[in-house]
Amino acid sequence: MENDPTLCEFCQPTLSSISRNSWEIGLVAAEMLDRMMDGKPVPMDTAVEPEGVVARQSTDTIAVEDVHLAAALHFIHDHISEPFGIDSIVKATSISRRQLENRFRRLLGCTPHDYLCRKRVERAKQLLIAPEKIKLHKLAMTCGFSNMEHMRIVFKRVTGMTPQGYRQSEGRLGSNERSTAASDSLSHPTSNR
């Protein structure tokens with residue numbers, strides 16, 4: 001709980017945690033204080049939803065019975081921030097590229113390349129909406145893309161929008177949801193959300 005980096009990052013394995021929504025807590029507290037100072041009623045049980053789970057190694061489980069596929073998936077997850085291709089994934093297993101592709105298709109319904117692209121895009125999406133803004137070229141390298149253009153092409157193919165478009169749409173959505181949630185909690189004193 002609270003996603004304390006000192007506790008979470010220095011454990012072995014690193015611990016997944018729930019990130020409380022500090023920005024929203026501060027916003028709601030300020031609005032409540034403003035109402036109190038104006039002599040208006042304030043709800044006694046305002047709930048603020050957490051930002052979500054920050055996944056780390058403690059919840060990084062890959063549940064497949066096929067040992068070769070599990071080895072490939074572990075390699076992808078462990079090296080996602082490094083630029084590598086399918087040949088590196090094949091080397092992490094003791095089967096041929098064709099056998100690996102067949103197992104991916106049969107058990108996961110996609111190719112190793114598609115899976116790798118989806119995982120890199122998932123990582124990019126997390127970083128794009130993080131409070132600390134990362135420049136796109138640095139973000140591309142952090143997610144294992146060879147360059148920013150490669151990330152843009154893959155991201156658009158997977159999500160239907162560019163990384164910059166995703167960042168802007170999520171930023172607008174996040175701030176709209178924050179102000180709606182805050183006004184709802186103040187106008188409905190007994191609601192727990």
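The model described here is predicted. Helix 2 covers residues 22–37, a run of 16 residues. From first C-alpha to last, helix 2 reaches 22 Å, close to the 22 Å expected at 1.5 Å a residue. Its buried residues are Glu-24, Val-28 and Met-32. These cover an arc of only 65 degrees around the axis, which puts them on the same side of helix 2. Just after the helix, Gly-39 takes a positive phi of about 80 degrees.

The largest nonpolar core holds 16 residues. Within this core, Ile-76, Phe-84, Ile-89, Leu-100, Phe-104, Tyr-115 and Leu-116 touch the most other members. Two or more residues come from each of helix 3 (67–78), helix 4 (86–91), helix 5 (97–108) and helix 6 (112–128). Helix 3 supplies the largest share, five residues. Phe-84 has contacts beyond its sequence neighbours. Leaving aside residues up to four places away in sequence, Phe-84 touches Phe-75, Ile-76, His-79, Ile-89, Leu-116 and Arg-120. A second, separate core contains 15 residues. Leu-136, Leu-139, Met-151 and Phe-155 are among them.

Aromatic pairs number three in the model. One of these joins Phe-75 and Phe-84 in an edge-to-face arrangement. The ring centres of Phe-75 and Phe-84 are 5.0 Å apart, with 75 degrees between the planes. Both partners are buried. Phe-75 has 18% relative accessibility and so counts as buried, the cut-off being under 20%. Phe-84, at 12% relative accessibility, also counts as buried.

Phe-155 and Tyr-166 form another pair. Their ring centres lie 5.7 Å apart and their planes meet at 65 degrees; because edge-to-face requires an angle over 60 degrees, the pair falls in that class. The pair links distant parts of the chain. Phe-155 belongs to helix 8, whereas Tyr-166 belongs to helix 9 (residues 163–187), eleven residues apart. Phe-155 is buried, with a relative accessible area of 0%. Tyr-166 is buried as well, with a relative accessible area of 11%.

Helix 8 runs over residues 148–159. At 1.5 Å a residue, its twelve residues should span 16 Å, and its end C-alpha atoms are 16 Å apart, so the two values agree. Met-151, Val-154 and Phe-155 are the residues buried in helix 8. Viewed down the axis, the buried residues fall within an arc of 100 degrees, so they line one face of the helix. Of these, Met-151 and Phe-155 are included in the second core.

The two ends of helix 8 can also be described. At its start, a side-chain oxygen of Asn-147 reaches to within 3.1 Å of the backbone nitrogen of Glu-149. Just after the helix, Gly-160 takes a positive phi of about 85 degrees.

His-150 also has its place in helix 8. Its relative accessibility is 29%, so His-150 counts as partly exposed. The side chain of His-150 makes a polar contact with the side chain of Ser-146, at 3.4 Å. Between the C-alpha atoms of His-150 and Ala-140 the separation is 8.2 Å, and these two residues are ten residues apart along the chain.

Key. Residues are numbered from 1 along each chain as its sequence is written. This is a predicted model: local features need pLDDT of at least 70, side-chain atom pairs count only at pLDDT 80 or more; totals for chains, interfaces and linings use all residues. Side-chain values use heavy atoms; hydrogens and water are left out. Helices (H or I, at least four residues) and strands (E, at least two) are DSSP runs, numbered from the N terminus. The expected span of a helix is 1.5 Å times one less than its number of residues. Buried means under 20% relative accessible area, exposed over 50%, partly exposed in between (1.4 Å probe, protein chains only). The arc is that of the directions from the helix axis to the C-beta atoms. A polar contact is a pair of N or O atoms within 3.5 Å; within protein, one must be able to donate a hydrogen and the other to accept it, and residues adjacent in sequence count only if both atoms are side-chain atoms. A nonpolar core is a set of buried Ala, Val, Leu, Ile, Met, Phe, Trp, Tyr and Cys residues joined through side-chain atoms within 4.5 Å. Contact means heavy atoms within 4.5 Å. Rings of Phe, Tyr and Trp (its six-membered ring) pair if their centres lie within 6.5 Å; planes under 30 degrees apart count as stacked, over 60 as edge-to-face and the rest as tilted.
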